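Here's a quick tour for anyone meeting this structure for the first time. Have a look at it, then read on.

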Amino acid sequence: MKILVTAKRVEDAESKIRVNPQGTGIVPEGLKYKINPFDEIAVEEGLRLVAKHGGEVVVVSIGGKEVQEQLRHALAMGAHKAVWVNHAGALDQLAIAALLAKVVEAEKPDLAILGKQSIDDDQNQVGQYLAEFLGWGQATFASKVESLESDAEKGKHPGVMLSADGKAVVVVREVDNGLATVECQMPAVVTTDLRLNLPRYASLPGIMKAKSKPIQELTPAGLGVDVTPKVVIQKMVPPPARKAGIKVPDVATLVDKLKNEAKVV
Amino acid sequence: MRAVRASTNPLLSDRDVAFLLYEVHDAPGLLELPAFAEHSRETFDLFLTSVRRLAREALFPTYRAMDAEPPSFREGRIRVHPAMRSLYPQLVELGLLNATRAREVGGQQLPLTVFSLASAYLMAANLSAYGWLGLTSGAAHLLEAFGSPELKDTFMARMYRGEWTGTMALTEPQAGSSLADVQTRASAAADGTWRLSGTKIFISGGDNDFAENVVHMTLARIEGAPAGTRGLSLFAVPRLRPEEGRLVDNDVQVAGAIHKIGYRGLPSLVLSYGERGDCRGWLVGPPHRGLSLMFQMMNEARIMVGLNGVATASVAYHEALAYAQERTQGRTLTERDATAPQVPLLQHADVRRMLLRQKAIVEGGLSLLVATSRLADLATHGDTPADRERAALLLELLTPVAKTFPAEKGFEANALAVQVHGGYGYSSEYPVEAWLRDQKLNSIHEGTSGIQSLDLLGRKVMAGSGAALRVFQEEVGRTLARARRAGVEAAWCDALQRSVDEVVALTHELGMKLMEGDADGVLRHSAHYLELFSLVAVGWQWLAQACAARDALARGDADTGFYEGKLCAAQYWVHTELSRVPALVALCRSSEDSYAKMKPEWF
């Protein structure tokens, strides 16, 4: 089978992220970048499915040439080939989904596995748009019961597996009141939640092998997609600084303040 | 009270690692050598990313548990902490066992320069867990270098694949530093193998229950061999030996486990060879050449121990730094208002002194280890024979320094990390005490500090009429020329220049005394000489870092805080450590004989 996965380049959450004085974006200096953690889980899930059923994993990223770092990382984890949609400017979620739809049409995967959202903008839209554009079924927020899987659990009850006839994908989804299992005819779109798996670390042999794996370059124009943003970021502001707390002398004062000042009880 | 912060300890500063690799030690320059042509900055960075994640996410969270529950010795076997069962395969999967080795043995020929920095994260996270890997890798490398094709197939390949582990078995109850007194015996058997008998002690990683087998690289004396170190041969002695397609007991028994104060995840064992007369060993290399072959592993291990020392000081430094930023205590000296809020520890000048001292030791020591590792890369893979020879000379000179400085000064840094924590630091509720215990071993194993000082003064600086020292002097001179051009403070440059000149002059003088036959008088101060040399070598590294920091500030790098911190640490080293050079030189030069003339009964 063929699985397409995404690897968006995002700021490392350990970096200090500051909004620039003009409020037009964040200060890029001193930032570290990595694969969006949700996408990394998508890459891992793709690799596990292919290890079980055979086939290949194609990893896609959209952005300037720096996103090749994330593609190379996914290749080092074990993905077989990479597609780079070269576009340096701003993109909204519709444009990203439209570009991915074109890549999917060209690659014809059985499954497209995406992170449910990315940790920079936290939009949670692309997977759903992509399914709509393709007219495919979708299973979002793929998850699993165990929060931390042991080696034995790994692969025993995967959150994403194929049906007995191999024509559908069975996905355990995280929903408000627990977990729901859905079956989706393939081809389908699956988006991943954090508890689905623990992604592997790229090994040194994997890193060396990745050097000779191909990265195919595409452009929005070549794909015939107009990426003019329909959603424009007007302004960015940092959240207000937290004020220092106070100590109250006793419970009575606390209750009084909660009642009369905060008005929450 | 539990230190919940422990999980956010970075172990090493990623920024510092990038600085050392790309701004100070020119890792990209190594890519021009044919041996490393398949690498790139991208492969280095991806590898570092994987390793630091494994260190932070898997090794570090199990450190306290492995310290609290050391391996147990029951029914002749060692049971290690169950966490090792998943940690060891994870270390192996990353390709760490043979990362720096050639393709022919499954390696990726990664420069040691990069590998050393990567491994420091693992050591800082969990010294014992890394110990299993380091020992196995070193033992397998011995077989790779000197073993027969059969030995490589049987032992080395399985060790590099992570199926079997390895040890170095030198020490005996009566022969620790004095290897000349090793008594384990080997007698030739009709089948071409050897029968071993004897006892080894302090064998780290001598048994475990997570790998199928252990191979002990053992020094023993063949029957009739000359006394002393020239009569020692090297043998591969497995716990289980392959026989007719299966593994059978090879009569190497665990006779006891040492109760250690640190490094508690890695058992230190007494091994008894051949109690039933059925212990088979396979000779590695020619007979009677064991010790010189073993020196390959020992020299690698000495660099590894140096890294252990830096890493153990580093994790404690970062713990103390975070604590000093968070913990409030007292007010500034000029604050008169007793009701004013307390200030973080870091506001107090003496706490800042302790933290800057730790930073100077950790980052200066790490830079020295990177420099040493780079020399090891050049000594093996340098462009021309002259390049390789020059690098090898300096590598040999710096090895005892790179091994000892982090152990001795690292212990001091670890003590400072406890001190910064105050009374809490002296409790087992906080992790800093554990690193203090771990660190102490580093001045003892792989050649004590005393042995290293004799190696430096008695051999390394004197060999070839001081050839290695001349290379050192030239390299320091190059750094100084660059530093002066970069605008590093002239007073710092002058101080380093003076220090090196004094060391060279002193060494010539001591060399003359040695030739006059006064070995006792000269070597009596070997420990002071090693300390002196270390201060200067680390001073050299601080000037190299100051030079890179000045360059970065001159080109307008926005990360000014990082570089200003480097310059403060360099200034600190010049003013508090290089200033001690004249006193140490005077001591080494003097005929000061207080402890030499002490009679046993006077103590």
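Which kind of contact do the side chains of B:Lys359 and B:Glu363 make? They meet in a salt bridge, 3.1 Å from N to O; that term means a side-chain nitrogen of Lys or Arg within 4 Å of a carboxyl oxygen of Asp or Glu. Keep in mind that this is a predicted model, where local features need pLDDT of at least 70, side-chain atom pairs count only at pLDDT 80 or more, and totals for chains, interfaces and linings use all residues. Residues are numbered from 1 along each chain as its sequence is written, chains are lettered from A and ligands numbered from 1 in the order in which they are written, and side-chain values use heavy atoms, leaving out hydrogens and water.

**Salt bridges**
- Over all chains, the count comes to 62 salt bridges.
- B:Asp16 and B:Lys566 form one of 2.5 Å, N to O.
- That pair links distant parts of the chain, 550 residues apart.
- B:Asp16 counts as buried at 3% relative accessibility (buried is under 20% relative accessible area, exposed over 50%, partly exposed in between, with a 1.4 Å probe and protein chains only).
- B:Lys566 is buried too, at 0%.

**Strand S11 of chain B**
- S11(B) covers residues 268-273 (strands are DSSP runs of E, at least two residues, numbered from the N terminus).
- Six of its six residues are buried.
- S11(B) pairs with S5 of chain B in the antiparallel sense over five bridges (pairing takes at least two DSSP bridges).
- B:Gly198 stands opposite B:Tyr273.

Conventions: Helix = DSSP H or I, 4+ residues; strand = E, 2+ residues; numbered from the N terminus.
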